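Student: Can you walk me through reading a helix and some salt bridges in a model? I'd like the general idea before the particular case.

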Amino acid sequence: CNVVTTYSPDYLQVKPEAESILIQDLKKALRVSATKGPIPPYEGNYIIANTPELLDNVLTRLDTVEQFAFDIETNSLNFVTGKVMCISFSWQKGTAVLIPIRKYHSVEQTYTEYVDRKVRKKKGQEATIKQVPVEKIRLIESYEPYWGERQDEVIARLQALFATDVPKIAQNGKFDCKFLKKDLGITVENF
């Protein structure tokens, strides 16, 4: 089984600018499906720490490393209103761990919007403006803590991890550090 991840077509209602990425991904999926034989798997150890046991093991391991790289994924580029969705870590080649922070939910809501339409009763008469109902759909988005009742504990452990003197590496660190501070109260030391 080959998997190509991409946006849901429903997401385009919220973010139409993602259409070009979706089209590229669909073209990739078409190429992959035409490939004979299996696609070689990624070499390495890549984990989603999505259970309390995995999370505890990962955070305990991160407490022992000499340095680590980190990256965040957010729901927005605006660090004032955006939310951190997950944080990934790597401390050696071929090893990476993703820690989820929030779950995303969306619900479609149908609503009626009234728009102005030009209406002519008879040919040659001047058009009048009439309000016409148009059914539309919008997504209601919500984010909930991934770890439920343990969320505060997980954030506290991440705050302690980022506060250590262990060197930290990031691709777009200024962006990530602003988000971590504003959204989760995490200060990144020795970056």
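This is a predicted model: local features need pLDDT of at least 70, side-chain atom pairs count only at pLDDT 80 or more; totals for chains, interfaces and linings use all residues.

Student: How many residues does helix H4 have, and what length does it reach?

Tutor: Helices here are DSSP runs of H or I with at least four residues, strands are runs of E with at least two, and both are numbered from the N terminus. The expected span is 1.5 Å times one less than the number of residues. H4 covers residues 151-162, so to speak 12 residues. From first C-alpha to last it reaches 17 Å, close to the expected 16 Å.

Student: Which residues of H4 are buried?

Tutor: Buried means under 20% relative accessible area, exposed means over 50%, and partly exposed is in between (1.4 Å probe, protein chains only). In H4 the buried ones are Gln151, Val154, Ile155, Leu158, Leu161 and Phe162. They line one face of the helix, because seen down the axis of H4 they fall within an arc of 120 degrees; that arc is taken from the directions from the helix axis to the C-beta atoms.

Student: Now the salt bridges: how many does the structure hold?

Tutor: The criterion is a side-chain nitrogen of Lys or Arg within 4 Å of a carboxyl oxygen of Asp or Glu. The structure holds 6. One of them pairs Arg150 with Asp56 at 3.3 Å, N to O. Arg150 sits in the loop between strand S6 (128-145) and H4, and Asp56 in helix H3 (residues 52-62), so the pair ties together parts 94 residues apart in sequence.

Student: What does Glu113 pair with?

Tutor: Its side chain meets that of Lys136 in a salt bridge, 3.3 Å from N to O. Glu113 is in strand S5 and Lys136 in strand S6, so this pair ties together parts 23 residues apart in sequence. Glu113 is partly exposed at 30%, and Lys136 is partly exposed at 31%.

Student: Which residues do shared partners join into one network?

Tutor: Asp56, Arg150, Glu153 and Arg157.

Definitions and conventions: Residues are numbered from 1 along each chain as its sequence is written. Side-chain values use heavy atoms; hydrogens and water are left out.
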